[in-house]
Amino acid sequence: MNDVVQATEKYFKGKDIPDPVIKGESIELPLNIGDEGPFVRDIQKDLIKAGIGLPIYGADGIYGSETKRAVMRFQKKYDLLVDGLVGPNTLNKLKEVTSSSRSINEFPLPNGILSRGDEGPKVKQLQRALKEINFDPKYIDGIYGPLTEDAVRRFQSMYAALVNDGIYGPNTKQYIEMELEENG
């Protein structure tokens, strides 16, 4: 038996741990700074879904200092040991929270790109969502005019990862959905 397996078994001895498997790969817990891959990305997505923002890098699959701070905020919020590591307890609580999160279906957001001059129900969906997260475009009229563009710009300015161009696209959609979850 190799040293890593022995150390892992010793660390988790007597603890109820899940066996996370992704696409046939075993994952070693706890996750910490320096870990990378699809499992880290899933953890990051779950943190965002649970209302813990990752505004700089988002779900990039790299466990860096931003992810560690987000994990610590999550652990504090749910009265877990605050160590910034994703071990069995944090993982179980994260799965529990994300499976019971309120859906953002009340404010469904359109796919695609919207910008000044666009009109229709997709623009109305965006305007309703912007109003819900306190970036009121003044009118929910289905017209992507200067007021809607300004509301999108103000929202984008809150996140370094977003281009502050007043154009609604997939990246802006992801962050608006995160805000809707937090407001829920």
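Modeller: A definition comes first. Helices here are DSSP runs of H or I with at least four residues, numbered from the N terminus. Keep in mind that the model is predicted.

Colleague: Which element of the chain has the highest mean pLDDT?
Modeller: Start with the whole chain. Its mean pLDDT is 84, and 81% of its residues reach 70 or more. Among the elements, strand β1 (residues 21-22) has the lowest mean, 46. The highest mean, 96, belongs to α6.

Colleague: How far does α5 reach from its first C-alpha to its last?
Modeller: Count the residues: α5 has twelve. At 1.5 Å a residue, 16 Å is expected. The model comes close to that, with 17 Å.

Colleague: Within what arc do the buried residues of α5 fall?
Modeller: First, name them: V123, L126, Q127, A129 and L130 are buried. Seen down the axis of α5, the buried residues line one face of the helix, because they fall within an arc of 165 degrees.

Colleague: Is Q44 buried or exposed?
Modeller: Q44 sits in helix α2, residues 38-49. Beyond its sequence neighbours within four places, Q44 is in contact with residues including L54, D60 and T67. Buried means under 20% relative accessible area. Q44 has 0%, so Q44 is buried.

Colleague: And Y139, buried or exposed?
Modeller: Y139 lies in the loop between α5 and α6. Leaving aside neighbours within four places in sequence, Y139 is in contact with Q127 and L147. The cut-off for exposed is over 50%. Y139 has 53% relative accessibility, so Y139 is exposed.

Colleague: What kind of pair do the rings of F135 and F155 form?
Modeller: F135 is in the loop between α5 and α6, and F155 is in helix α6, so the pair ties together parts that are 20 residues apart in sequence. Planes over 60 degrees apart count as edge-to-face. The two ring centres are 5.4 Å apart and the planes stand at 90 degrees, so the pair is edge-to-face.

Colleague: What kind of pair do F155 and Y159 form?
Modeller: Both residues, F155 and Y159, are buried. Their ring centres lie 5.6 Å apart. Their planes are at 50 degrees, so the pair is tilted.

Colleague: Which residues do ring pairs link into a cluster?
Modeller: The count of aromatic pairs comes to four. F155 pairs with F135, and F155 also pairs with Y159. The linked cluster is F135, F155, Y159 and Y175.

Methods:
Residues numbered from 1 in each chain as written. Predicted model: local features only at pLDDT ≥ 70, side-chain atom pairs only at ≥ 80, totals over all residues. Heavy atoms only, no water. Helix = DSSP H or I, 4+ residues; strand = E, 2+ residues; numbered from the N terminus. Buried < 20%, exposed > 50% of the residue type's maximum accessible area, 1.4 Å probe, protein only. Contact = heavy atoms within 4.5 Å. pLDDT = per-residue confidence, 0-100. Expected span 1.5 Å × (residues − 1). Arc of directions from axis to C-beta. Phe/Tyr/Trp six-rings, centres within 6.5 Å; stacked < 30°, edge-to-face > 60°.
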